[in-house]
Amino acid sequence: MSHQLAIEHDVVGVGFGPSNLALAIALDECASRSRLKCAPLFVERQPHFTWHGGMLLPGSDMQISFLKDLVSLRDPTSPFTFVNYLHKRGRLLDFVNCRTFYPSRIEFNDYLRWVAEQFKSRVAYGETIVAVEPVIAGQTVTSLRVHSRTLAGGETVRLARNLVVAVGGQPYVPPVFAKMVGDARLFHTSRYLDAVERAGLEGRAARVAVIGGGQSATEVTVDLHGRFAQARIDLIFRGHALKPSDSSPFVNEIFNPDYTDFIYPQPPERRDAIVRNFRNTNYAVVDSDLLDQLYRLLYQQRVGGETRVALHPRSEITE
Ligand SMILES: Cc1cc2nc3c(=O)[nH]c(=O)nc-3n(C[C@H](O)[C@H](O)[C@H](O)COP(=O)(O)OP(=O)(O)OC[C@H]3O[C@@H](n4cnc5c(N)ncnc54)[C@H](O)[C@@H]3O)c2cc1C
């Protein structure tokens, strides 16, 4: 076990995804404007920066405008904007010629990695935070003791005055699949690219079931169809139909900062009701471009008289 208790960090960030990357930029700005000297350290369990690496599918695009990058809306003059990334990469004009607000996820991952690289001295990669304990003097918590572990089992303990937890979501595999946990044939989309390459589907008339009726399930269905020419893919979902996500302008205002300020202080049941009301912006819905793509694919199958992809609405896995 290695201890680093002597150094007390102003801020320890748990995870180094887009949330804490944006925080790293903001703290850096504060420090350079001398408003607040702050030395953050971010601890990230992945060995290097990747943004949802298991789903960096060729052909997948961002679902939000590139102007909602890590910093533009707060400070469009920042050197960490997506536009400056394009400029530094020598692609600004070409991107403009693409006439889109929605870069590919592969490009956006490269942008995020470009920013992450500039903060690498403040990140401990390959460490998972496993425990946090209060350090108490009298009645007061004076700091936090933060324990992390590497894949090889080494443990580090650090002291933090502030802790920012930005660990993202956790993959959810419903209990009905419990018996198959550990079977290489069952995998969550968060591991899709790695797992599908190892699944041995190449050149086989394999059958693959994709469970779910949202964006990731639909992306994976289309990807499997393109990736394995002989595979048969069944998309199984509870709803009556695959439904489009609502990104229309008035609805999209829910993501504005003042809307967040409005929702945050509401009592829990009111917050839940608001989130439910806006569910179709994000949950169990699919980008309409992708829906069109899948529909055309199914139609072309009918023209050719083959059934490689089949949809199973109103269906639930029970056993
Ligand atoms: C496939 C996919 C596509 C998406 N596309 C979009 C999109 O186009 N637009 C959009 O707005 N949102 C999109 N999202 C939503 C996504 O949640 C956000 O884009 C963004 O990744 C959230 O950033 P985050 O930093 O909060 O969480 P994450 O990106 O999940 O990052 C959390 C980080 O914390 C690390 N971590 C977790 N636990 C620990 C621990 N105990 N110790 C150390 N490190 C830890 C993880 O390794 C990870 O790197 C997408 C999500 C997915 C899964």
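In this predicted model, a backbone N or O atom of Arg45 lies 3.2 Å from a nitrogen atom of the ligand. Two further residues take part in pairings of this kind, Gln46 through a polar side-chain atom that is set against an oxygen atom of the ligand, and Ile129 through a backbone N or O atom that is set against a nitrogen atom of the ligand. The table places these pairs side by side.

| Residue | Atom of the residue | Atom of the ligand | Distance |
|---|---|---|---|
| Arg45 | backbone N or O | nitrogen | 3.2 Å |
| Gln46 | polar side-chain atom | oxygen | 3.3 Å |
| Ile129 | backbone N or O | nitrogen | 2.9 Å |

Taken alone, the ligand exposes 990 Å², and the protein buries 75% of that area.

The shell around the ligand can be described next. The ligand is surrounded by 22 residues, and the closest of them are Ser19, Glu44, Trp51, Gln63 and Ile129. At least two shell residues come from each of α1 (18–32), β2 (40–44) and β4 (127–137), and β4 gives the largest share, with three residues.

One of these elements, α1, also meets another helix. The axes of α1 and helix α4, which spans residues 105–118, come within 10 Å and cross at roughly 45 degrees. Angles from 65 to 115 degrees count as roughly perpendicular and those under 35 degrees as roughly parallel, and α1 and α4 are therefore oblique to each other. The crossing of α1 and α4 is left-handed.

Definitions and conventions: Residues are numbered from 1 along each chain as its sequence is written. This is a predicted model: local features need pLDDT of at least 70, side-chain atom pairs count only at pLDDT 80 or more; totals for chains, interfaces and linings use all residues. Side-chain values use heavy atoms; hydrogens and water are left out. A residue is near a molecule or strand if one of its heavy atoms lies within 4 Å of it. A polar contact is a pair of N or O atoms within 3.5 Å; within protein, one must be able to donate a hydrogen and the other to accept it, and residues adjacent in sequence count only if both atoms are side-chain atoms. Accessible areas come from the Shrake-Rupley method with a 1.4 Å probe; for residues, only the protein chains shown count as cover. Helices (H or I, at least four residues) and strands (E, at least two) are DSSP runs, numbered from the N terminus. Axes are lines fitted to C-alpha atoms, for helices over the stretch in contact, and angles run from 0 to 180 degrees between N-to-C directions. Angles under 35 degrees count as roughly parallel, over 145 as roughly antiparallel, 65 to 115 as roughly perpendicular and the rest as oblique. A crossing is left-handed if the near helix is turned anticlockwise from the far one by less than a right angle, and right-handed if clockwise.
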